[in-house]
Amino acid sequence: MKVSSAVLRARGLVKQHGHGQGRVRAVDEVDLEVPEGQTLAVMGPSGCGKSTLLHLLGGLERPSAGEVWLAGRRVDTLSERALARLRRRSVGFVFQAFHLMEELSAAENVELPALLAGFSRREARRRAGFLLEQVGLTGRARHLPSQLSGGQRQRVAIARALANEPLVILADEPTGNLDSTATLDVLRIFEELRAAGQTLVMVTHDERVAATADRLISMRDGMFVDDTRLAGDATGWLGGLIGLEG
Ligand SMILES: Nc1ncnc2c1ncn2[C@@H]1O[C@H](COP(=O)(O)OP(=O)(O)OP(=O)(O)O)[C@@H](O)[C@H]1O
């Protein structure tokens, strides 16, 4: 394990939805530090605020109160434009519903965020090819998302999330729409990501997915009720790719 420096930090994080009687505190005074290279799973009952927390950490939603820091930079006070740039350059998102661009091929879906993050066309293409190979989809690079299975789509989405060399990957129920075979494929990739030292925060209902993490936080009613370190260590093939080996 590397020397811990927090990639992601939150202080006194609050997100309130709605007004008056219908007001909900989806996230309620949360403090969090995610060191570089840590994989963190967040579990908890439906509606406890997991997705909201992930959105706040990734700058997709703004907190009602509190602070979010990414790589030492305050995020929650950035302009929309600066926030969008930070997301493009530094965060990889994986969603339950994949959210691939339907009119683009698998390879193009992975190339696009690399281009937006500033890679040259050649480098973006090379990177997409490599990433698709790593998730076992070389033969599907030219397929459209509609021509892929759910598991294959999610593997494209994970390759896409890695395309910009993100400081952190945020994954919201990444296996929520997958059958058990496809879930195992995604688990294998997450284990490799962890072994490679990729910082990752994932929200999941699946204990098998959570078991791939270094750390497990349980949430209830917008608050953390448990924070446990899980066992495990390994090394893997993604180290070179995300620039963390050696
Ligand atoms: N845009 C919104 N407007 C109003 N209330 C919202 C909004 N988004 C979330 N909420 C409420 O905030 C609470 C937390 O929602 P959130 O989606 O973060 O929970 P979750 O733990 O991810 O749930 P699930 O496991 O079912 O996905 C819930 O009570 C939800 O109804």
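Me: Which element gives the largest share of the shell around the ligand?
Reply: Helix α1 does, with three residues. This is a predicted model. The residues around the ligand include K50, S51 and T52. Two elements give two or more residues to the shell: β2 (24-35) and α1 (50-57).

Me: How many residues of each class does the shell have?
Reply: It has three nonpolar, eight polar and one charged. Gly counts as polar here.

Me: Why is Q16 called partly exposed?
Reply: Q16 has 16 other C-beta atoms within 10 Å. Buried needs 20 or more, and exposed needs 12 or fewer. The count of 16 falls in between, so Q16 is partly exposed.

Me: Where is Q16, and which residues does it touch?
Reply: Q16 is in strand β1 (residues 6-17). Leaving out residues up to four places away in sequence, Q16 touches R23, R25 and S64. A contact requires C-beta atoms within 7 Å. As for D206, its C-alpha is 27 Å from that of Q16, and the two are 190 residues apart in sequence.

Me: What makes β4 and β5 a pair?
Reply: Two strands pair if there are at least two bridges between them. Strand β4 (residues 65-70) and β5 have two bridges, in the antiparallel sense. L70 has R73 in β5 as its bridge partner.

Me: Why are β2 and β5 said to stand at the edges?
Reply: The open sheet has four strands, in the order β2-β1-β4-β5, with antiparallel pairing. β2 and β5 (73-74) each have a single partner strand, so one side of each is left without a neighbour in the sheet.

Me: What makes a set of residues a nonpolar core?
Reply: The members are buried residues from a nonpolar list, joined through C-beta atoms within 7 Å. The largest core here has 62 residues. V42, L57 and L132 are among those that touch the most other members. Helix α5 (residues 150-162) gives the most to this core, with six residues. In soluble globular proteins, nonpolar side chains tend to be buried together.

Me: Which residues of helix α3 are buried, and what covers them?
Reply: In α3 (residues 106-116), the buried residues are A106, A107, N109, V110, E111, P113 and A114. Their cover includes α2 (80-90), α4 (121-134) and α5. L132 touches A106, A107 and V110, among others.

Me: Why is strand β10 called hardly covered?
Reply: Count its buried residues. Strand β10 (residues 223-229) has seven residues, and the count of buried ones is zero.

Me: What makes β9 and β10 a pair?
Reply: A pair needs at least two bridges. Six bridges join β9 (residues 215-220) to β10, and the two run antiparallel. S218 stands opposite D226.

Key: Residues are numbered from 1 along each chain as its sequence is written. This is a predicted model: local features need pLDDT of at least 70, side-chain atom pairs count only at pLDDT 80 or more; totals for chains, interfaces and linings use all residues. A residue is near a molecule or strand if its C-beta atom, placed from the backbone, lies within 6 Å of it. Two residues are in contact if their C-beta atoms, placed from the backbone, lie within 7 Å.
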